[in-house]
Amino acid sequence: MSQPVNLALALQPRPPSPLEEVHDDRFARQGVRLLLKRDDLIHTTLDWDTAALGPVELYPPGNKWRKLSPNLRAAAGRTVLTFGGAYSNHLRATAAAGRLLGFPTIGVVRGDELAGRPLNPSLARCAADGMTLHFVDRTTYRAKADPEVLAGLLSAFGECCVIPEGGSNALAAQGCTELGRELRGRADVVAVACGTGGTLAGLAAGLAPGQRALGIPVLRGGFLGDAVRELQQEAFGGPAGSWSLDERFHFGGYARTTPQLHAFADDFEQRHGLPVERLYVAKLLYALTALAEEGAFPAGTTVAAVVTGRP
């Protein structure tokens, strides 16, 4: 593991991330403005000190830093154990943070069949950043929050600070309120792709009265509404802000795509010169385009899409 960088510098807030208007005729025909909240550029600032902090590209991707920062302060340098699938951005972000700040990380990965295979690029990046990868079968993974399963992991790895899948807990939701505050007065609707609900829970809480947060789940199952409500209860003591979900745009579930989605993302890239991440951002932008063409946004509406990561 590389030498840790200065903790105060590394955890120094990099926001606000840029807010850019995109001129797209599919929205303009409906009288709707589209803005992109570029949280994929959350670490790209003019004062970035590469010599002290390292290349921006090796930092936790996108909005994950908003969720991780309060959790890492609470961990105070202890080993962090967390959970994710084979392509988890959260695992990559946690591993990168461990490398940067000099604390050990353990990633519990869904799918014991992966243990004997070559690592995909995402898991290889985690390993390169010093993360210990522990593969478990899918039944065990589904039970990861059970006290017996957690006790077994802690018995195997020793005392750890446990962060849930996707990094979504009360601290993460509180950390994401700043995203909403940065968008106060800038848009009527703020939309974000959702995996575990932490970003949406905090985003909605940070927006001003009269603004609405829209979540686009990238997983099937219809569970996310309850998850967001539970997170807001834990983080804020009850419902916070106005939010809703549209569950039609998961394209088969997490890490699943279709030729139709790829064609849309390719077209969006060509139109606007924006590299489009396929598992979250493409589904979000597709959903907003479809909603605009359905007339879901009244003329005069400004919609902001949170770009949570890069390809």
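1. Of its 35 residues, Val276, Leu285, Leu288 and Phe297 touch the most other members. At least two core residues come from each of β2 (33-38), β7 (189-194), β8 (212-217), α13 (259-272), α14 (281-294) and β10 (302-307). Helix α14 gives the largest share, 10 residues. "Buried" here is under 20% relative accessible area, exposed is over 50%, and partly exposed lies in between (1.4 Å probe, protein chains only).

2. A word on what you're looking at: this is a predicted model, where local features need pLDDT of at least 70, side-chain atom pairs count only at pLDDT 80 or more, and totals for chains, interfaces and linings use all residues. Residues are numbered from 1 along each chain as its sequence is written, and side-chain values use heavy atoms, with hydrogens and water left out.

3. Which residues does Leu285 contact, leaving aside its neighbours within four places in sequence? They are Leu36, Phe264, Phe268, Val276 and Ala305, where contact means heavy atoms within 4.5 Å. There is also a second, separate core of 23 residues, with Ala170, Leu200, Ala201 and Leu224 among them.

4. Now the whole chain. It has 14 helices and 10 strands; these are DSSP runs numbered from the N terminus, helices being H or I with at least four residues and strands E with at least two. Of the 311 residues, 54% are buried. Among contacts with a separation of 6 or more, 74% link residues 24 or more positions apart. The chain exposes about 13300 Å², with 52% of it supplied by carbon and sulfur atoms (Shrake-Rupley method, 1.4 Å probe; for residues, only the protein chains shown count as cover).

5. Have a look at strand β4 (residues 105-110), where five of the six residues are buried. β4 runs parallel to β3 (residues 80-84), joined by five bridges; strands pair if DSSP finds at least two bridges between them. Val80 has Thr105 as its bridge partner in β4. With helix α5 (residues 89-101), β3 and β4 form a right-handed β-α-β unit. Right-handed means that, with the strands pointing away from the viewer, the path from the first strand over the helix to the second runs clockwise.

6. What about β5 (residues 132-136)? Five bridges join this strand to β4, and the two run parallel. Gly107 stands opposite Leu133 in β5. The chain gets from β4 to β5 through helix α6 (residues 121-128), in a β-α-β crossover that is right-handed.

Notes:
A nonpolar core is a set of buried Ala, Val, Leu, Ile, Met, Phe, Trp, Tyr and Cys residues joined through side-chain atoms within 4.5 Å.
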